[in-house]
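Colleague: Hi! Could you walk me through this model? I'd like to pick a few spots and ask as I go.

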Amino acid sequence: MTCEQLGLFGHHPPAPSESAAATRRVGPAPVDESVREVARRLPAGVRLGTSSWSFPGWAGLVYDRPAGERVLAREGLGAYAAHPLLRTVGLDRTFYRFLDAEALAAYAAVVPEDFRFVVKADRLLTSPTDPSPGGVRRPNPRFLDAAFGAGAVVAPFVEGLGAKAGILLFQFPPMAPKVVGGPAHHLRSHG
């Protein structure tokens, strides 16, 4: 059972789906001049950002209106990138399934030229065991596979993001040294 909120003085407020805010795209929130001044004073090589742009709690700070996480995931990147202090953002979803160059280019098209992305490499490249959820932990044939990394991770990152490519982050799970041949193996191979 749903109850409709009665309006003060007999006026009924429109339902969220009927309001203008629900039908217009998420835009950037107004930013105080003092925040812009801080951004101007940051050294050029310093980039502030977060691991995602889809946090509903930023309504009024980053976004011009309240919106849910799904809406922000689709529409919030441009507004996030318009904030003068936010010059980078992480793409964490690539850790679970790397995106192709076309998908990465779509993200790059939404942000200013001086914006950069931090992208996690696919866990297929960095996990010694098959990272399939709920599966038996068997050896991962793509673990540290240079050809797979170059073709499925590095090439789309470079081609898709172009000058907006920032850091390609390789996140490795904790593992015993023997998994990668132990320290002596690396000293012989690379020392």
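Modeller: Happy to, and bear in mind that this is a predicted model. Let's start with Ala103, which sits in helix H4.

Colleague: Is Ala103 buried, exposed or partly exposed, and why?

Modeller: Ala103 has a relative accessible area of 28%, so it counts as partly exposed; the buried class needs a value under 20%.

Colleague: How far is Ala103 from Leu161, C-alpha to C-alpha?

Modeller: The two C-alpha atoms are separated by 9.3 Å, while Ala103 and Leu161 are 58 residues apart along the chain.

Colleague: And which residues of H4 are buried?

Modeller: In H4, which covers residues 101-108, they are Leu104, Tyr107 and Ala108. Looking down the axis of H4, these buried residues fall within an arc of 100°, so they line one face of the helix.

Colleague: What do the buried residues of H4 pack against?

Modeller: Their partners are helix H3 (69-82), strand S2 (86-91), strand S3 (116-120) and H6.

Colleague: Let's follow S2, then. Where does Leu91 lie, and what is it in contact with beyond its sequence neighbours?

Modeller: Leu91 belongs to strand S2. Setting aside residues within four places in sequence, Leu91 is in contact with Trp53, Leu104, Tyr107, Phe117, Val118, Val119 and Lys120. Two of those names, Leu104 and Tyr107, are among the buried residues of H4.

Colleague: Is Leu91 buried or exposed?

Modeller: Leu91 is buried, because its relative accessible area is 3%.

Colleague: New topic: pockets. What is the volume of the largest pocket, and which residues line it?

Modeller: The volume of the largest pocket is about 210 Å³. Its lining consists of Ser51, Ser52, Trp53, Ser54, Ala73, Gly90, Leu91, Asp92, Arg93, Tyr96 and Tyr107.

Colleague: Now the loops. Where is Gln171?

Modeller: Gln171 is in the loop between strand S4 (165-169) and helix H7 (182-190). With a relative accessible area of 31%, Gln171 is partly exposed.

Colleague: What about the backbone at Leu144? What is its phi?

Modeller: Phi of Leu144 is near 55°, which is a positive value in a residue other than glycine. Leu144 lies in the loop between helix H5 (123-126) and helix H6 (146-161), and Leu144 counts as partly exposed because its relative accessibility is 49%.

Colleague: Zooming out, how many helices and strands does the chain have?

Modeller: The chain has seven helices and four strands, and along the sequence they follow the pattern α-α-β-α-β-α-β-α-α-β-α.

Colleague: And what share of the chain is buried?

Modeller: Of the 191 residues, 32% are buried. The accessible surface of the chain is about 12100 Å², with 61% of that belonging to carbon and sulfur atoms.

Colleague: Last one: what share of the contacts join residues at least 24 apart?

Modeller: Among contacts between residues at least 6 apart in sequence, 65% join residues at least 24 apart.

Key:
Residues numbered from 1 in each chain as written. Predicted model: local features only at pLDDT ≥ 70, side-chain atom pairs only at ≥ 80, totals over all residues. Heavy atoms only, no water. 1 Å grid on protein atoms, 1.4 Å probe; cavity = no way out; pocket = protein on both sides within 12 Å on 5 of 7 lines; lining within 4 Å. Points joined across faces, edges and corners; volume = space filled by probe spheres on them. Helix = DSSP H or I, 4+ residues; strand = E, 2+ residues; numbered from the N terminus. Buried < 20%, exposed > 50% of the residue type's maximum accessible area, 1.4 Å probe, protein only. Arc of directions from axis to C-beta. Contact = heavy atoms within 4.5 Å. Areas by Shrake-Rupley, 256 points an atom, 1.4 Å probe, with all protein chains shown as cover.
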